Structures are given as C-alpha cells and as structure tokens.
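Here is a friendly walk through one chain and the partner it touches. Have a look at the structure first, then read on.

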Amino acid sequence: MPPEPSPAAESPSGTSRPYALALAADEQTLIAAVLQKDRKAAAEFVDRYADPVYGYVSRRLAPRADLVEDVVQEVFLIALQKLDTFTGQSSLVGWLIGIARHKVEDFYRSQLRAPDGFPDDVADAISSGAPHLDDVIDAARAHSKTRRILEQLPVAYRAALLWRYWEKRSSKEMAASTGKTEKAIERLLARARASFKRLWETS
Amino acid sequence: MDEERFFTMLAETTDAAPETAERAPSRLKSQLYSAMVTEQAASGPLRSLRDTKAEGRPLCVFENVVQVVPNERITSMNPCRICHARILAEQFESPPIYWPHCPYVHFQRR
C-alpha cells in the first residue's frame, strides 16, 4: 500500500517538493526499522514494494512467468543485504528496480550467450519501412499486442529487443556484456526487428 | 518513421500503459516476507515484539501472547515460523486466514 502523504505534504501531482520530502522521510523511517530487524517493518516493506518490482520483472521477462517469482525473491534478498548502503539519492522503489534491472540483464545476457542464442531460422530480409504507430496511440492495445508478439519470438530475439529498446542499452553495451561483436548484435537486432514487424503487420 | 524510432516509441508507450501495473500475487508477498524475516533471524535476534508494539506497530493475537513472556530471547523469536497462517498464505492465493494484524492476512488485501 503506498504511503499516505500528510495533508500538508499532499500534492495533486504527487511530485511537489514537500511531498517528495515527506516520502523520503517516510522511507528512511521504514528502512531504519527494517535494519533494526522489526518484522512488521519488513512486512510493510514487502507490501509497498513487491508490486512495482514484480510488475517490472514480469514485463521484462514475459512470457517466462516461471522465472519471475524467483527473480523477485532474489531482488528482495539482495536489497535486504544492501539496505544499509541505500543513500536515499533515488527513491527506494527506483533503487529496487535498479537491482531488478541487473537481474533481468543477467537473464538477457545468458540468452544471448547461449549457443542457440542467434537463431538462423528466421529470414534476414528487412523491409525498408517500419510498422505504423497508429496502433501505438492506444497504449493499452499496443501493450497487449506487443506482449503477444514478443511471446511468439525466439527467446534471443525477445531478449535482444527488450534489452535494446525497453532497457535502452546500446548495441555496443550489449556486445560488451555478452562477449559478442557489435556487428553480431546489430545483425541479431535486425532479424529480431524484422520478425517483430512481420508479426505486428499480420496480427 | 524509421525502425529505431518505432521501437523506441513502442517501448515508451507500452511501459506507460496502465495494464503494466501488475500486482504481485499475495502468495509471493508471503514468501518474500518469510524469506526476509528468516534471513534477518539467521544473523541474530529479531527486534523484540515488545519493542515493536511500543513503536506503535500492532501485533497479531499470537505475537501478543509471545510478547508478554518476560524473556527477551522468546520475545525476539519468530512465531510465524510455526504458524498455520504462514504455511497457508505461502501456498494459496486466498487462504482462509482472518487474524487481525497478521501480515499474511494483510497481503491478501486488494
């Protein structure tokens, strides 16, 4: 359950400075209690932050639902071990998502490093244009369509697209992280985009 | 629109979609809480239930019984470890548990 801002700190946008300060103070109180091994604080910590972390991991690993819960568990245990190093420079949820991002990238890396990580069974041909974004205007529809298409792609294609566009990593960074050449990553991305596009236009 | 721009916009749009606000299963929250408390207990005693209560955090009926014992070691134990509520909540999404101030019951709230 999200923290209740005090009436003085309440902001319609939820982003004003007093609100942010109240939120930060509230987080610091919660962190201090968790570090004192207060079990009720641990319960509050889980109740507040499990949803955003689960939502993030679930989106990034879909359709591998079998992995999501394990990754979320790892994130929380790592967070518990490192909680005393949290400086408050970002929000607590941002910090937790940062830990989750590392775990997700570990998964992408393993998929792209796998011997069959670069499938050749999909045509290389890349058409000149990109799909129209008319569908994207309706965010909810685009979300479900995108998820459906990603689920149909070979795992290496899916990992490459999510890593590149949803995690905003450059092909150079992906290459360095996987030990592949940048050219190989770009080839993989080109194939992944072509496959995605074909499914986008026919679905 | 070129491909790079298409995929960049698609990522931004879909991440902002309301459907992306998925909620963690209560079963998972229960497992996370149990794992956290177990991990904390492994490195030394938990904060005593008496102190937790004094801090204004309400206890469940079983914790209330434990916290009156005049022994710090016992009030720092984790009674959830042997509680039926924990076992049921870790296995089922809507278990028949209704104890007030039990975190495992609280995780069921939607």
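## Overall shape

In this predicted model, chain B has a radius of gyration of 20 Å, whereas a compact globule of 110 residues would have one near 13 Å. That radius is taken over C-alpha atoms, and the globule rule is 2.2 Å times the number of residues to the power 0.38. The C-alpha trace of chain B spans about 70 × 30 × 25 Å along its principal axes.

## Fold and packing

Chain B holds 7 helices and 0 strands, giving the pattern α-α-α-α-α-α-α along the sequence. Helices (H or I, at least four residues) and strands (E, at least two) are DSSP runs, numbered from the N terminus.

Of the 110 residues of chain B, 32% count as buried (20 or more other C-beta atoms within 10 Å of the residue's own, with C-beta atoms placed from the backbone). Among contacts in chain B with a separation of 6 or more, 50% come from residues 24 or more positions apart; a contact means that the C-beta atoms of two residues, placed from the backbone, lie within 7 Å.

## Meeting chain A

How many residues of chain B are in contact with chain A? There are 40, and they touch 35 residues of chain A. The elements of chain B that give two or more residues to this side are helix 1 (3–16), helix 2 (26–42) and helix 7 (103–106). Helix 1 of chain B provides the largest share, 11 residues.

## Notes on the model

Residues are numbered from 1 along each chain as its sequence is written, and chains are lettered from A in the order in which they are written. In this predicted model, local features need pLDDT of at least 70 and side-chain atom pairs count only at pLDDT 80 or more, while totals for chains, interfaces and linings use all residues.

How values were computed. A residue is buried if 20 or more other C-beta atoms lie within 10 Å of its own, exposed if 12 or fewer, and partly exposed in between; C-beta atoms are placed from the backbone.
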